[in-house]
Structures are given as structure tokens and as C-alpha cells.
Amino acid sequence: MTSAAKLKLPSGPSRHVYDVIVLGSQLGGALSAALLAKRGHRVLLVEHDGMGPGYEHGGYVLPYAPFVAPPLKAMPAVEEALTELGLTTTVQRALRPHSPELQLVLPRNRMDLHSDATRRKAEVTRELGEEGEALLGALVGTTAQHEASDAFFKARPALPPDGFFEGWGLKKLIKAHPGLETPLRLASDAPAASLVRGLRPFINHLEKPESPLALTRTLSQVLAAPSFFAGGHDGLREMLTRRLAELGGDVLGRDSPTGFIVEELSFDGSKFAGVKLVRSDTIYRAACLVAATDSGALRRLVTDKKHHRGLMEHLDQSTTKSILFTVNWVVPETALPRGLGELTLVDTQDAELGAMLLQLHPARASATGGKESKDAEALRVVCAGVFIPASARELGEEHLQALATRIDAQLDAVMPFTAQHRLLRSVPYLDASGSRGTRLMPHPLYSFESEAVLGVTGLSQRTPVKNLLLAGREVLPGLGLEGELLAGVRAARLVQDMLNKKDPLKG
């Protein structure tokens, strides 16, 4: 989204007391905030850890990581929420499939998985012969697998369940939907099938998914039509934030003169009371808080950890195991190999790097870089990502540089002769100077101490602080983007229940 098209948000909050404060820039929070504003509640969204529309380096605005989304119709419960907000058409227009939908690069093969069945069959059988027939059959079956669990999610399951009654109701609902246990169709050990499964970490947030639902749903949704948003992850968040402002909600974002970074959470005994911004004495108060930031970031905002030990233990159930490590190349479009796809999955043959996802973006000149937008029009950003252990950040810059060099070598193999035309090479973890905390963790993979219901749940949305709810990507990590948005939908319902039950005599 261009800066000229950006919404001019109010210069600051219109009040100091709200029904609900939403903290964090993750998508579940933005959706929850917009839904609550639509339902007549006074809402303040404080972005706090906002990733923003990329980072600036060398005169360009560059993406933090590849971002792939499923088509909207593959997420029916999310589509219902966007319809309530009047955003379905807007989001569908901003979503478009890659061309070709997905490209696979193996040591001896390169093939395009077109949505058109005839073209895909010709391509795959040309490259793989008889083995290609098995792959084609498995792909057809896989792309329809999410439909077997659609009805379950339309029924608004209490995921994750909290307490006996929610758990009992959920068990009944699960029994009524046997499609949740359907095993993955794309289970072959053939190299091409293994590579397609390598897309999964890029579209969910679980370190090691094991259940049928976690293994099938996100992969099936995305393979139906791997799509991208104009402006990537931030483009979708900005649509939701824009709608929130139109509905009368207040937003403290990166352009707010009053700031948008929270210094600490304020409590009244065991209840959440408000948020205090950095370099400000003002406390914005609310009846409840929806946290849409990572548990580690939320933990840092609680100053009296002993008094809120239950909340700390709740948040400590989540551990970040892996992070998406990215290298960006800015190159002339004419220097790219003919036939290179907009979304390419590469078999690196490197056990440590695993599958590499490569996504092409239009180049964007930064406002401060002195480059003209028209100069950037003929350029492309090649954004390549792999997953590395989260501990790699502690091994120092030299280690990260070595990892980036290995990704460079993989890009050289996929795009021979392109490197000599490269105008810029940038590594977000090394070159996004001044970036904050989770902004450099665009896509973590988590593990949890808590039991994973259906193999997709993480942290319970209700916390030991009764008026503090979670709506981040750690709630339904096994459902990827859909999980983030469903966490926001359910958080909005839980807030409404809380506000409606609030005894006015107790303030």
C-alpha cells in the first residue's frame, strides 16, 4: 500500500478510558478490535510491536519475510467475520494468486504447479514421468482436504477449551466431525512430495505438527491457491486497522505523536487496569485487555512478576524453537531467469537449511532513500527464507552472516548470472537497524507445555488474570493465518461476554 493511500489516523486517543484495549500488532488483535468497535464498544488499539510495512535499507523498503496466504473461501469462519465488517470484497481484491501458483525446484527438476489441471499434468509428467502421476493424484486430494474440517470451524468451536464444560462441548463437536482425523494425502517419500510438505512451516506456527488436522489443513488451504496480499502481512493488518478507525476506534500506531510503545501494564490488585506508554505519565484504562503480541513481549510488560505468578506461568508454556531467517536481493527484473515463478519452493539439499521459500516482490523506494519510485518499477526484490534454530540469534553476527552466505549460494544456483546484476543484498536480522523485538520475528515456530487439542492449540485465550485475554499467533499455532484470525474472532466474543456480565455496582 503506498504511503499516499494510507489512512490518516487521528493524532491521538479521544479518551483515556475504554471498554477494551487491544495490545500488539498481530492480526488477531486488529480483527478483534474492529469487530468490537463494530459491535458498539469503545476500543483502543496500541500496536506496540508493529512490524510496519517492511524495513528501510539502501534506499528501499524491503519485506521481513515471505508471506503466503490461502484464498478467503478456504477460511469460511474468517470470511464470515470479514463480512460482518464489510471487508470481504476489499480483502478478496487485495488477495491474488502467484503466477504460477507454486514452482518446485529440485536438484534435477524444475516444475510449475499450475492451477489449470491440464497444464499441471503436462508439466509434472514431463519432469517426473510415472512418479508424476502419483504426485498429481496426491495433490488433487490434498487441495480438497481442508473442506472436510470446514463445517467444524463454522460451528465456532471453543478452541482452546477452558474448563470442564467447554472441554465436554468440544469433545461432542469433534465426534460429530470425523473429517478432522483424515490423514494427509501427500504422504509419499518421493522428493517432490517431500518438498511440497516443506511449505508447511512457512504457513503455520508449530515446530513439529503431528496431528492429522495440523498436518493437513493449512497445507490444503494454501495449495488450493497460494496467494499474497498487496503489502504482505502488513497490508492485511492495515485494512483491519483502517476499518477500526472508520468505526470510531482509536489507534496508537507508529505515526502517533503520543507514541505507541507500552512501558508497562497497570493492575488493580489481580485485575488488569490499564497501559502506560514509554515517556508518558498517562495511563489508558479499560475493563479488559486483549493481548495480540508474543508471550515473551507481554511478559516484559508485567513489572511485578511475583504478584502475577499465575500469568507468568501461563505465558511460560510457550517456547520459540525456530525463526524464519531471510535474505533479500534487489535486482533488475531483466536479470531474473526466464520462467522463475513468483513463489518458488527450493530443495536446498542442505539438512540444516531445509526447504527454502522464494517470493518475488515489486521493489519499493523508501521516502528517505532519494530514489525515484519510477526507478524502482523496473526492479524486483527476491525474498528468500529458511528456518533456523531460535538459538542462532545468540551465536552472534558472524554466525548469521555465514547463514546468509549459504542462502546466497542457494539463490545463485536457482538464478545463475543474476548476482552480478544485484543492486542490494539485505538481511533483516542484520540490516533492519532500529527495529524492535518481535518485528524481527516475522514467523516463529513454537512448542508448548500445554496439551495440544486436535494438535493445533497452544496457549489458552483466558489467562489467570480474568480480564486479560490472548489473541496472538500462539493461541492456534497449528492453523497458521486462519488460526491468528480465529483467535481474534473468539477474543471479541469473550470480551463481549465479559463486558455484558460486568456488575456496574462493582465498577
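Predicted model: local features only at pLDDT ≥ 70, side-chain atom pairs only at ≥ 80, totals over all residues.
**Aromatic and nonpolar features**

Seven aromatic pairs occur in the structure. One of them is formed by Phe-164 and Phe-165, whose ring centres lie 5.3 Å apart; the planes meet at 75 degrees, so the arrangement is edge-to-face. An angle over 60 degrees is what places a pair in that class. Phe-164 is exposed, with a relative accessibility of 60%, and Phe-165 is likewise exposed, at 67%. Together with Trp-168, Phe-164 and Phe-165 make a nonpolar surface patch of about 450 Å². Trp-168 belongs to helix α7, which spans residues 164–175.

A ring also takes part in a contact with a charge: the charged end of Arg-422 is placed over the ring of Trp-329, at 4.7 Å from the ring centre.

**Salt bridges**

The model contains 21 salt bridges.

| Salt bridge | N to O distance |
|---|---|
| Arg-96 and Glu-342 | 3.4 Å |
| Arg-126 and Glu-127 | 3.0 Å |
| Arg-462 and Glu-166 | 2.8 Å |

The bridge between Arg-462 and Glu-166 connects distant parts of the chain: Arg-462 lies in the loop between β19 and β20, Glu-166 lies in helix α7, and the two are 296 residues apart. Arg-462 is partly exposed, with a relative accessible area of 29%. Salt bridges with shared partners unite Asp-162, Glu-166, Arg-462 and Arg-490 in one network.

The side chains of Arg-96 and Glu-342 also meet in a salt bridge. This pair, too, links distant parts of the chain, with Arg-96 in strand β5 and Glu-342 in the loop between β13 (318–332) and β14 (343–347), at a separation of 246 residues. Arg-96 is partly exposed, having a relative accessible area of 39%.

In the bridge between Arg-126 and Glu-127, Arg-126 is exposed at 53% relative accessible area, whereas Glu-127 is partly exposed at 23%.

**Backbone features**

Most residues other than glycine have a negative phi, and most peptide bonds are trans. Several sites in this model depart from that pattern. Ser-99 and Pro-100 are joined by a cis peptide bond with omega of about -15 degrees, and Pro-100 is located in the loop between β5 (95–97) and β6 (103–105). Another cis peptide bond connects Leu-159 to Pro-160, where omega is about -10 degrees; Pro-160 is in the loop between α6 (147–154) and α7.

The loop between α6 and α7 also holds Arg-156. Phi of Arg-156 is positive, near 55 degrees, and the residue is partly exposed, with 49% relative accessible area. Leu-454, in the loop between β19 (445–448) and β20 (468–470), likewise has a positive phi, near 60 degrees. Leu-454 is buried, with a relative accessible area of 13%.

Thr-88 is part of helix α3, residues 88–94. Its relative accessible area of 13% falls under the 20% limit, so Thr-88 counts as buried. Apart from neighbours within four places in sequence, Thr-88 contacts Leu-72, Glu-79, Leu-82 and Thr-83.

Arg-254 occupies the loop between β9 (250–252) and β10 (262–268) and is partly exposed, with a relative accessible area of 39%. The C-alpha atoms of Arg-254 and Ser-450 are 34 Å apart in space, and the two residues are 196 residues apart in sequence.

Key. Residues numbered from 1 in each chain as written. Heavy atoms only, no water. Phe/Tyr/Trp six-rings, centres within 6.5 Å; stacked < 30°, edge-to-face > 60°. Buried < 20%, exposed > 50% of the residue type's maximum accessible area, 1.4 Å probe, protein only. Lys NZ or Arg CZ within 6 Å of the ring centre and 35° of its normal. Patch = residues over 30% accessible without salt bridge, like charges linked within 9 Å, V, L, I, M, F, W, Y side chains within 5 Å. Areas by Shrake-Rupley, 256 points an atom, 1.4 Å probe, with all protein chains shown as cover. Salt bridge = Lys/Arg side-chain N within 4 Å of Asp/Glu carboxyl O. Helix = DSSP H or I, 4+ residues; strand = E, 2+ residues; numbered from the N terminus. Contact = heavy atoms within 4.5 Å.
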